[in-house]
Amino acid sequence: MFNLAGKIAIVTGGSRGIGRATCVALAQAGAHVLVNYRSNVEAAHETLRLIEEAGGQAELIGFDVADPDSVDRSIKDAVARHECIDILVNNAGISIDQLLLRVSVKDLEMTWATNVNGALFCAKACIRPMMKKRWGRIINLSSVVAESGNAGQAVYSSSKAALLGLTRSLAREYASRGITVNAVSPGFIETDMTADLADSAKQGIVDQTPLGRIGRPEEVAAAVVFLASEEASYITGQVIRVNGGMHV
């Protein structure tokens, strides 16, 4: 089950957190994983080490998802080496949390450039080789706040909501070419992005979560592996919520 042997997968933002766990999980399922990172090469090498330690195969591919020329060039080079990209996981994202009145134009532009434009650029670069093969999986990482909203996260939540619209539109555009497009929407997950929250804030979130705990990156990665597999071949345009019941 969930055999991805022979598949080439690229995971953006694969150097830490959910991205790292996804890289490892895809590799354990048999995929050759291209671990994308922007600047933290040391963390990316740690992801590579974990994959190889688990018996998987991977390589690093450094580029900024917000730079369309870099995205296009890097993915074209990867396709030239491997002949295809079978699986794209749009995971790279940033969160600059502020009440809207305090959000700067720069913060807004940075968030959307990475979270939304980055996913668009990567999907555009990968779709053509997927069409040629008539098989592909695009999985976008959204967030529970895309649907529930959250005070102080107007920019972040709206960017993650945009990914849901992107998911549904691409699913309709490319279903006839054998490409499925889905989203995974995590709740509160223990990662670097959430580590700095005060214990009282974490407890408040746990209290709002019916399962009564914080999620693990590996639990999100498991949903991504499923959507990338043949077992999910009749699923497209959908959102898989991995949030412990925080939003239903």
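T167 touches N140, V181, N182, A183, G237 and Q238, where residues up to four places away in sequence are not counted and contact means heavy atoms within 4.5 Å. T167 sits in helix α6; helices (H or I, at least four residues) and strands (E, at least two) are DSSP runs, numbered from the N terminus. With a relative accessible area of 1%, T167 is buried. Buried means under 20% relative accessible area, exposed over 50%, and partly exposed in between, for a 1.4 Å probe and protein chains only.

The model is predicted: local features need pLDDT of at least 70, side-chain atom pairs count only at pLDDT 80 or more, and totals for chains, interfaces and linings use all residues. Residues are numbered from 1 along each chain as its sequence is written, and side-chain values use heavy atoms, with hydrogens and water left out.

**Nonpolar cores**

A nonpolar core is a set of buried Ala, Val, Leu, Ile, Met, Phe, Trp, Tyr and Cys residues joined through side-chain atoms within 4.5 Å. The largest has 33 residues, of which L4, L26, V33 and V184 touch the most other members. At least two residues of this core come from each of β1 (8–11), α1 (17–28), β2 (32–37), α2 (41–53), β4 (87–90), β5 (136–141) and α9 (217–228). Leaving aside residues up to four places away in sequence, L26 touches L4, A9, V11, A31, V33, V89, V225 and A228.

**Cavity and pocket**

On a 1 Å grid over the protein atoms alone, a cavity is a set of points where a 1.4 Å probe fits but cannot get out, and a pocket is an open set with protein on both sides within 12 Å along at least five of seven lines; lining residues have an atom within 4 Å of a point. Grid points are joined across faces, edges and corners, and a volume is the space filled by probe spheres set on the points.

The structure holds 1 cavity of 30 Å³ or more. Among the residues that line the largest cavity are T12, N90, C122 and K160. Two or more lining residues come from each of α4 (105–133) and α6 (154–174), and α4 gives the most, with 5 residues.

The second largest pocket is lined by residues including D72, K76, R128 and Y174. Here α3 (68–82) and α4 each give two or more residues, and α4 again gives the most, with 6 residues.

In the table, Ala, Val, Leu, Ile, Met, Phe, Trp, Tyr, Cys and Pro count as nonpolar, Asp, Glu, Lys and Arg as charged, and the others, Gly among them, as polar.

| Space | Volume | Lining by class |
|---|---|---|
| Largest cavity | about 60 Å³ | 6 nonpolar, 5 polar and 1 charged residues |
| Second largest pocket | about 220 Å³ | 7 nonpolar, no polar and 4 charged residues |

**Cysteines**

A disulfide is a covalent bond between the sulfur atoms of two cysteines. A search of the whole structure, with a limit of 2.5 Å between the sulfur atoms, finds 0 disulfides. C23 is in no disulfide, and the nearest cysteine sulfur, that of C122, is 13 Å away. The sulfur of C126 is 6.5 Å from the closest cysteine sulfur, in C122, which is too far for a bond. C23 is buried, at 0% relative accessible area, and C126 is buried at 0% as well.

**Loop residues with positive phi**

E83, in the loop between α3 and β4, has a phi near 75 degrees, a positive value in a residue other than glycine. E83 is exposed, with a relative accessible area of 71%. R134, in the loop between α4 and β5, has a positive phi near 60 degrees.
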